[in-house]
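Grab a pencil and work through these exercises one at a time. Each task comes with a solution in steps.

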Amino acid sequence: DRARLHRVTLRQFGAVFALTLGAVMLLIWSRRRHESMYGYVGLAALALVVEKALFHGDVQPFPPGLAVGLADVALMATPVLVFAFALRFAGWHWPRTERILWGWAALSWGLRHLPPLVGQEVPDAVINAAWVLPHVAGLALMLWIVRQSPSIESALLAAGHLLSVLALTHGVLVQPMNRLEGVPWYQVHLVPLLAVMAWIVTRRFVRSLDEAERLNRELEDRVANKHAELERQYTRTGALEREQAVVQERARLMSDMHDGVGAQLISTLSLVEHGDASREHVAAALRECIEDLRLAIDSLEPADGDLAPVLGGLRYRLEPRLKAGGITLDWQVRELPTLSCLTPQNVLHVLRILQ
């Protein structure tokens with residue numbers, strides 16, 4: 001039972017953990033392809049699953065030789081993927097080093113599988129050393145990263161690399177694979193490291209979400225402040241426009257009164273001063289001044305493009321005077337279109353023409 005726990009259950013636990021982790025990380029990476037750290041974590045985890053399934057699985061979908069070859073591909077690729085993750089974690093770009101490691105992984109795989117095809121054998125110590133060396137390179141890289149950029153994340157990642165290398169060294173040197181004594185930690189040597197890698201990318205993902213939410217809140221506050229500012233500006237602009245309209249209308253009224261009523265009053269005053277005007281003549285001139293003043297006042301009423309009320313107001317003022325003069329008014333107005341040009345000044349022009 002103890003041997004089964006150590007040799008089977010522990011390995012199954014590592015495989016299930018790696019499978020779950022790899023699926024989640026690759027799913028996130030499929031939606032955020034520009035963040036390659038998720039992809040390297042997912043691929044490293046799935047490589048571990050493939051290696052465990054093909055090396056130790058009860059049911060093999062491939063012939064034994066092919067299964068071992070594919071398992072060794074995953075086994076040799078895992079440390080290179082972890083090394084590439086460490087580079088992305090530090091923000092470094094070393095393409096030549098990565099190519100060298102991939103070449104070393106291919107050489108390590110060839111040392112194990114190509115010599116038997118030509119009748120040669122490579123000592124297990126050489127193969128194991130070639131397998132462990134990329135892990136040691138990853139540990140050295142992480143120690144250098146910790147020295148350059150010390151942080152909790154880099155320290156935990158270096159600790160995960162150290163545990164992985166210690167477990168591999170113990171499995172290769174102290175506890176050979178053909179012995180059943182002790183716990184085979186080399187079978188799950190990547191589990192702590194993968195857990196740390198997953199924690200780092202998850203923490204960064206959550207931090208990105210928090211930052212996005214903070215930026216959204218700031219943007220909403222800025223939009224609300226800008227909206228309030230625009231409303232205040234709109235209110236001020238409306239007040240200024242109304243004030244300007246009042247000033248313009250006042251100026252127009254003063255001009256109309258000066259040109260109309262003022263001119264008539266001046267001419268009437270001149271006649272009175274020179275004694276050339278009779279009482280009736282002065283009264284008629286003053287009535288014309290009053291009518292002109294009323295026209296200016298009537299032009300201030302909002303017409304909204306409808307000329308009929310303007311004409312009706314003029315009829316109301318003219319008809320009594322015409323009756324008093326013995327004139328019958330024949331007033332015929334057809335349906336009129338809406339006129340967008342009926343400003344107060346144009347209304348006054350129409351009234352004066354008709355007057």
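This is a predicted model: local features need pLDDT of at least 70, side-chain atom pairs count only at pLDDT 80 or more; totals for chains, interfaces and linings use all residues.

**Exercise 1.** Work out how many helices and strands the protein chain has, and what share of its residues is buried.

*Solution.* Start with the elements: there are ten helices and zero strands (DSSP runs numbered from the N terminus; helices are H or I with at least four residues, strands are E with at least two). Next, burial: 33% of the 355 residues count as buried (under 20% relative accessible area, 1.4 Å probe, protein chains only).

**Exercise 2.** Describe how H4 packs against H5.

*Solution.* First, the angle and distance: H4 (residues 95–113) and H5 (residues 124–148) pack at about 160°, with axes 9 Å apart (lines fitted to C-alpha atoms over the stretch in contact, with angles from 0 to 180 degrees between N-to-C directions). That makes the two helices, H4 and H5, roughly antiparallel (the word is for angles over 145 degrees).

Second, the residues: Trp104, Ser108, Leu111 and Arg112 from H4 meet Val126, Ile127, Ala130, Leu133 and Pro134 from H5 (contact is heavy atoms within 4.5 Å). Sorted by class, this contact of H4 with H5 has seven nonpolar, one polar and one charged residues (Ala, Val, Leu, Ile, Met, Phe, Trp, Tyr, Cys and Pro are nonpolar; Asp, Glu, Lys and Arg are charged; the others, Gly among them, are polar).

**Exercise 3.** Is Ser108 buried or exposed, and which residues does it touch beyond its neighbours within four places in sequence?

*Solution.* Find Ser108 in helix H4. Ser108 counts as buried because its relative accessibility is 1%. Setting aside neighbours within four places in sequence, Ser108 is in contact with Met76 and Ala130.

**Exercise 4.** Which residues join H8 to H10, and at what angle do these helices pack?

*Solution.* The angle comes first: H8 (residues 279–298) and H10 (residues 344–354) pack at about 145°, their axes 9 Å apart. H8 brings Asp292, Leu295, Ala296 and Asp298 to the contact, and H10 brings Leu348, Leu351 and Arg352. By class, that gives four nonpolar, no polar and three charged residues.

Notes:
Residues are numbered from 1 along each chain as its sequence is written. Side-chain values use heavy atoms; hydrogens and water are left out. Angles under 35 degrees count as roughly parallel, over 145 as roughly antiparallel, 65 to 115 as roughly perpendicular and the rest as oblique. Buried means under 20% relative accessible area, exposed over 50%, partly exposed in between (1.4 Å probe, protein chains only).
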